[in-house]
Each structure stands twice: as C-alpha cells, then as structure tokens.
Amino acid sequence: MNAVATEDVDHARSLAAEAGRVVVKAGTNSLTNDESKLDDGKLDKLVDDIADLIDREREVVLVSSGAIGAGKGRIGFDPDDTVEESQAVSTIGQSHLMRRYTESFERYGLTVAQILVTDQDLEDPERFTNFKNTVETLLSWGVVPIINENDAVATEEIRIGDNDMLSASVTVAVGADLLVTLTDVAGVYTANPKDDPDAELIDAVGRNYDAVERIVEETASGSFGGIRTKVRGARTVSEHGIPAIIAESTEPDVLEAIATEQSIGTIFLPINDHV
C-alpha cells in the first residue's frame, strides 16, 4: 500500500485544525454501553469535547446516532428486531437522547436544537434549502444543531440508511470545513484490530484509497463491519475537497487534539492533484 507524502498529511491536518465549521458524527457505540443503553459518561465526554471546539470559536454540527439504543434502555426489555418496533423504540430513545444532550450542553451554557431528516429532505431542492437555512440560522444564534435520521417515519424508499453517509451529506450540504467521525476504534487499520493484535493504524488516506478500501472490505465483519460506511463517508467528503478524520471517541480531548494539529486517527486528504 503506497504511503501518503508527509507534507500532504501535514497540510491536511493543518486544514483540519483551522476548520471553522465542523461536523462531528457520533456513532451508537460512542454513546451506549455494553448493554446497548445510553451511557451518560460517554455522552458527557462527547459534549465536553464539542464544547472545547466551540470555545475555540468553531461552529459545530452534531450528527448523532443512539436513539434506538437509548430507547431500549428506557423500555426495560429488548424488542423484536422488526421495522415497526425499531421505529417505535427510536421515538422513545430520541426524546431521551435529546433530554440528555440538553442537560449536558447546559453545563456550558449552550443550547441545542433537534433536526430529524429523511433522504427526501436532502434530495428535494425546496426541502434541502429549508434544511440548510435552518442550520445556518441556528449556528448564527450560537445553537448546536443535532441531526439524526427520522427513523419513526422513514420507509425503505426514503431512508438514508446510515448516519455515516448522512454525516457526509450534511458536511457537504452545510459547507463544513471538516468531518470528524467518532467511533470505538482509533481509525482505519491494516486488519481488524479486534481480531488481529498486529493490525496497524493507517495514518492517512489519499492516493492509497483503493488499497485501503480493499483492506476494509476483506477485514470488516460483525461488530467491525461499520468501518466500511465510515470509510465511504470520509471518502465522499474528501472528493468535495474537505478533509475527514475517523478517530476514537474515548481518546482524551480528541477534538482538541485535532484542533491543535496532533496526529490522531486516520485522516482522509482532500482530493486534489497531490493525493
């Protein structure tokens, strides 16, 4: 696998550090515990990291998973894995999730707003314009938009299907300067790090994307399978000239590290003549 030139990686990390508008995507594993219940400690840690970025005068849009996991913890039993029950559980979990976000952000005097979307909202020109204008207005007020897919009403035909791809679409839609995907691994590896102790972290993805994609397809399975869509989402953003980083949510001060040009996670270089 061809390495990415050091100067190109340094430039990309500099762009990431200087990003004025950041989309942060938090996966379910970054918000729930081993019993698939909302973990207050993980949520507060995420909010701490976002508040640090805002304190650095960055605008932050949060794309948050976790509604179904939070809902399961509220009803006290595991529902059947049907579309209808998953949608119902998501409505319970979404309200609980937003309540906890509201409480946690209030520690920093920050207000949050909920935006639930379907694929039609991003594909239809009028709905897209309304969505973008709402986000712009909230950010101008210093409010943190929290976006999730509208699971309660989305059918197969209008589902986005994955918050990794939703976060990529949002990043492009709102003209963000950086996408940070927080997950339960430290980035993209040469093998599945949950199975292979010799797996090595891939520092940067640029010209080597095809090789990285092959590795991900060969090694992603089970609980590690979600890395596929994270890589695709990051690549989508990079094709629009925007850097993207996949990093571990439990890393101390993870967003501060990015904002100070530290080498953390796997960075996807913006597509240009040098990658």
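Helices (H or I, at least four residues) and strands (E, at least two) are DSSP runs, numbered from the N terminus. The structure shown is a predicted model, in which local features need pLDDT of at least 70, side-chain atom pairs count only at pLDDT 80 or more, and totals for chains, interfaces and linings use all residues. Residues are numbered from 1 along each chain as its sequence is written, and side-chain values use heavy atoms, with hydrogens and water left out.

Figure 1. Of the 275 residues of the chain, 52% count as buried (under 20% relative accessible area; exposed is over 50% and partly exposed lies in between, with a 1.4 Å probe and protein chains only). Contact means heavy atoms within 4.5 Å. Among contacts in the chain with a separation of 6 or more, 73% are between residues 24 or more positions apart.

Figure 2. On a 1 Å grid over the protein atoms alone, a cavity is a set of points where a 1.4 Å probe fits but cannot get out, and lining residues have an atom within 4 Å of a point. A search of the whole structure finds one cavity of 30 Å³ or more. The volume of the largest cavity is about 40 Å³, where grid points are joined across faces, edges and corners and a volume is the space filled by probe spheres set on the points. Helix α10 gives the largest share of the lining, three residues; α1 (6-18), β5 and α10 (254-259) each supply at least two. Lining residues include Ala16, Val22, Leu178, Val180 and Ile258. By class, the lining has nine nonpolar residues (Ala, Val, Leu, Ile, Met, Phe, Trp, Tyr, Cys and Pro), no polar residues (the others, Gly among them) and one charged residue (Asp, Glu, Lys and Arg).

**Figure 3. The residues annotated as "binding site" in UniProt.** In the unreviewed UniProt entry, this annotation covers Lys25, Thr183 and Asp184; positions are given in the numbering used here, feature names are shortened, and annotations may be inferred rather than shown by experiment. Although these residues are spread over 160 residues of sequence, they cluster in space, with a largest C-alpha distance of 12.2 Å.

**Figure 4. Lysine 25 in strand β1 (residues 21-26).** Lysine 25 has a relative accessible area of 3% and is therefore buried. Beyond its neighbours within four places in sequence, lysine 25 is in contact with residues including Val63, Asp164, Val180 and Lys230. The side chains of lysine 25 and aspartate 164 are joined by a polar contact of 2.9 Å (a pair of N or O atoms within 3.5 Å; within protein, one must be able to donate a hydrogen and the other to accept it, and residues adjacent in sequence count only if both atoms are side-chain atoms).

**Figure 5. Threonine 183 in strand β5 (residues 178-183).** Threonine 183 counts as buried, at 7% relative accessibility. Not counting residues up to four places away in sequence, threonine 183 touches Ser30, Lys230, Ile246, Ala247, Glu248 and Ser249. A polar contact of 3.2 Å joins its side chain to that of aspartate 184.

**Figure 6. Glutamate 59 in strand β2 (residues 59-64).** With a relative accessible area of 28%, glutamate 59 is partly exposed. Leaving aside neighbours within four places in sequence, glutamate 59 is in contact with Gly20, Arg21, Val22 and Leu139.

Methods
1 Å grid on protein atoms, 1.4 Å probe; cavity = no way out; pocket = protein on both sides within 12 Å on 5 of 7 lines; lining within 4 Å.
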